[in-house]
Amino acid sequence: MMNRKIALERLKMLINDEIVVATYSTASDWIEIFDRPLNFFSFGAMGLASSHGLGLALARPERKVLVLDGDGSLLMNLGTLVTISAAAPKNLIHMVWKNGSYEANGGHPVPYPQVDFAAMARAAGIASVYRANDPENFESAVRQALSIEGPTFIEVEIEQGPLGPRSYKEMYKASRRQRLHEALNA
Amino acid sequence: MGNQPDEAQEAPAHARVLTGTRVIDAIKRGGVSHVLSVPDLHTAKGLLTPIRSDPALTLIRTCKEDETFGIAAGLNYGNKRALILIQYTGFLYAMNAIRAMACEHKLPMCMMIGLLGKEPDVAPQDSAKFGVRIIEPILDILGIKRFLIDDDSCVDAISPAIEHAYSASEPVAFLIGRKPV
C-alpha cells in the first residue's frame, strides 16, 4: 500500500492536458498538489465521479479523462462499471483509490474492505485493468493507461489518510466549473 | 408551472394520440445529441426503440437513473446536450442527484419522465396511482419547470423548452402522460 499524496505527486508528473475528475479525499489532496483549470470536482451526489467522467469523455473524445474515484464512492454506483464498459469511451481512465473506508465520512470501514474492484471491472467487460500498490507500479499502470485505447480501470491500494485541511465550499465553487468549461471550449 | 395546452383539452378523447417520432423530432430540434436512459415500459416501444436506431442520437444505457444525471453534467461541460429518459420511479430514485445537479448547481438537466400507469385523459394529480400523483408537486417544490406531454398537440413545447434550459442553465421536465405510439 502507498500514501495517496505520494501517488498523486507521481500522477502530476505524468499528465498534461487531460481532464481530471476527482472526488472527496482524493480531490482534497489533488487540489493541494495540482490546482488547474482542467480539474473537475465531482459534487453533490456521492458515487457519481465516474458518471461525470463518462459524460466528459463522451463529449470530448479528443482528450483523455482520468477519474480519481473512491472505494466508498464506487460502491454506491457499481453499475457504472457496466455502463462504462458498454459505452466504451476510448479516452476514459477510471481509477479507484482503495483504502477500505469512508474516509471523508469519519473513517468508518466500507462493508467489505477487501472487495476486488479489478475483478469487478473485468467482469463488467472492461478489458484493460491494472492494479497498483506502490509508486513504481502505479506510475507504470498510469503510463500504460495513457498510451492505450480505453476504457481502462486501475485499482490503486492506498493507506488511510492523513487527511489534510479541506474546504468543500472552495472545491465546489461555481468559478471552478466555469474555468473548466472555458478551458474545454476555448 | 404546468403547461397543459388548451387544444389538448379540446381534442376529442378518441382522437388523441402521442406519436413517438414527433417527440423524437422535437428532441433533435432542441439540439440533443445524447439520450441517457434506463428503459421504462411506458416509453420503451414508442420512444426508446426508435431512438435506438436513430443515427442522429447516441443512446447511452445506464444501470440506474442517478448515473444519467452525472453523465449529463459531464456532457454539458463538454458542450453536448443530453436528454434523460426515465420512468417516474427512476426520477424518485435519483432525487439526490437531481437535488445537486439540477437544483443547486442549476445545470440544464432535461428530463423526460414516463408516467407509467397514468390513466388516459386523467390529469396526473387526479391519477389513482400514488406515484403518478406526487410527481408534479415534487417538481414544483424543486422549482423545476414542467410540461405535460399528453398528446401530439403538446409536442411543440419540447424544443423551445430545451433551448431555454440550455440558454438559462436550468433544468426542465417533460412528463409523458400518454403512452407514445
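Since the model is predicted, local features are taken only where pLDDT is at least 70 and side-chain atom pairs only at pLDDT 80 or more, while totals for chains, interfaces and linings use all residues. Residues are numbered from 1 along each chain as its sequence is written, and chains are lettered from A and ligands numbered from 1 in the order in which they are written.

Let me start with chain A. Chain A holds nine helices and eight strands, where helices (H or I, at least four residues) and strands (E, at least two) are DSSP runs numbered from the N terminus. Along the principal axes, its C-alpha atoms fill a box of roughly 45 × 35 × 30 Å. Of the 186 residues in chain A, 49% are buried, and here a residue is buried if 20 or more other C-beta atoms, placed from the backbone, lie within 10 Å of its own, exposed if 12 or fewer, and partly exposed in between.

A:Arg131 has A:Glu155 in S8(A) as its bridge partner. Together with helix H7 (residues 135–147), these strands of chain A make a right-handed β-α-β unit, right-handed in the sense that, with the strands pointing away from the viewer, the path from the first strand over the helix to the second runs clockwise. The loop between H7 and S8 of chain A contains A:Pro151, which is joined to A:Gly150 by a cis peptide bond with omega of about 5°.

Now to chain B, where S1(B), H3(B) and S2(B) also make a right-handed β-α-β unit. S1(B) and S2(B) pair in the parallel sense over four bridges, with B:Val35 opposite B:Leu59 in S2(B). S1(B) also runs parallel to S3(B), joined by four bridges, and there B:Leu36 stands opposite B:Ile84. Both faces of S1(B) are covered, with B:His34 and B:Leu36 buried on one side and B:Val35 and B:Ser37 buried on the other.

Which residues of helix H3 (residues 44–52) of chain B are buried? They are B:Gly46, B:Leu47, B:Leu48 and B:Ile51. Seen down the axis of H3(B), these buried residues fall within an arc of 155° (taken from the directions from the helix axis to the C-beta atoms), so they line one face of the helix.

Finally, the backbone angles. Most residues other than glycine have a negative phi, and most peptide bonds are trans. B:Lys106, in the loop between helix H6 (95–104) and strand S4 (110–114) of chain B, has a positive phi of about 50° although it is not a glycine. B:Ser169 also has a positive phi, near 50°, and B:Ser169 is exposed, with 11 other C-beta atoms within 10 Å.

Key: Two strands pair if DSSP finds at least two bridges between them.
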